[in-house]
Amino acid sequence: MHLLSYILWNPDLEAFHLGPITIRWYGLLWIIGLALAYLIVQRLYKEQKIKDELFDPLFFYCFVGILLGARLGHCIFYQPDYFLTSWKGFVEMWLPIHFTPDGDWKLIGYAGLASHGGTLGLMIALWLYVKQTKLSIWTVLDNIAIATGTTACFIRLGNLMNSEIIGKITDVPWAFIFEKVDPMPRHPGQLYEAIAYALLFLIMWVLHKKMPEKIGTGWYFGFCLTYIFTFRFFIEYTKEIQEAFEASLPLDMGQILSIPFIILGTYCMIRAKK
């Protein structure tokens, strides 16, 4: 391997400081992704002449649902032996802190979020939202699905800035050397996903212009789930396992958790056509 021909990747984790507060790239990209989705869905609501007061609480439901779902999903699916076996781990699962060996604690943010859990948390949050607003669940899910690609793209760019969820060792010319991890060239799996999700948003935006009558049938929601998790299933073959126990499984945890979402997405598309 000619290591000099690969992309050396070692960005600063911190984007900037606001006085004593440090803003990290990961958190900043999360907020940008959510803000863009907020603006996109707001425009879709206006196109569909849905009242502003019905839109206003949507961001709160989405933010809380995604964050809680993603956090709990990571802790329960990937590190249950740490977070569910001691009171310190249980506290760290809910609060953005870490207990140090000397008995102290420090604020670290939520280090560990799972996209599958975030998706499930979002779906539950949207169910609660429609219970309050009396909107059609399929209309809300379709509108969120059209905007989802933007948020998913920026979240994976945040993973890239953190040098996490890295790929397997490879000799492809676009390989990244994640210097915070090791000196080996690896697939930039985070970048593959970010590009795929950006493409998803472009596809969804064009389709919703051509087929506005499908909004409210669940077709866009089904297409979004099927696209994202089918891609996620296959891209896992280029990524390193995240936890040691996955090495003994026929499929890694990301692939196992993707299958129910693919089935659900396919069902929603078939149901919409009927």
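The structure is a predicted model, in which local features need pLDDT of at least 70 and side-chain atom pairs count only at pLDDT 80 or more, while totals for chains, interfaces and linings use all residues. Residues are numbered from 1 along each chain as its sequence is written, and side-chain values use heavy atoms, with hydrogens and water left out.

Let's start with the helices, which are DSSP runs of H or I with at least four residues, numbered from the N terminus. Helix H9 covers residues 219-235, so 17 residues, and spans 24 Å from its first C-alpha to its last, close to the 24 Å expected at 1.5 Å a residue (the expected span is 1.5 Å times one less than the number of residues). Of the 17 residues in H9, 14 are buried, where buried means under 20% relative accessible area, exposed means over 50%, and partly exposed is in between, using a 1.4 Å probe and protein chains only. Lys273 sits in helix H10, residues 253-273, and is exposed at 67% relative accessibility. The C-alpha of Lys273 lies 8.2 Å from that of Thr217, although the two are 56 residues apart along the chain.

Next come the cysteines. A disulfide is a covalent bond between the sulfur atoms of two cysteines, counted here when the sulfur atoms are within 2.5 Å. The whole structure turns up 0 of them. For Cys62, the closest cysteine sulfur belongs to Cys224 and is 12 Å away, too far for a bond. Cys62 is buried at 10% relative accessibility, and Cys75 is buried too, at 0%.

On to the aromatic rings. Rings of Phe, Tyr and Trp (its six-membered ring) pair if their centres lie within 6.5 Å; planes under 30 degrees apart are stacked, over 60 edge-to-face, and the rest tilted. The search finds 18 aromatic pairs. In one of them, Phe60 and Tyr61 have ring centres 6.0 Å apart and planes at 80 degrees, so this pair is edge-to-face. Phe60 is exposed at 55%, whereas Tyr61 is buried at 18%. Elsewhere, Tyr38, Tyr45, Phe55, Phe59 and Phe63 make up one aromatic cluster.

Last, there is the cavity. On a 1 Å grid over the protein atoms alone, a cavity is a set of points where a 1.4 Å probe fits but cannot get out, and lining residues have an atom within 4 Å of a point. The structure has 1 cavity of 30 Å³ or more. Residues lining the largest cavity include Tyr78, Glu236 and Asp252.

Notes: 1 Å grid on protein atoms, 1.4 Å probe; cavity = no way out; pocket = protein on both sides within 12 Å on 5 of 7 lines; lining within 4 Å. Points joined across faces, edges and corners; volume = space filled by probe spheres on them. Helix = DSSP H or I, 4+ residues; strand = E, 2+ residues; numbered from the N terminus.
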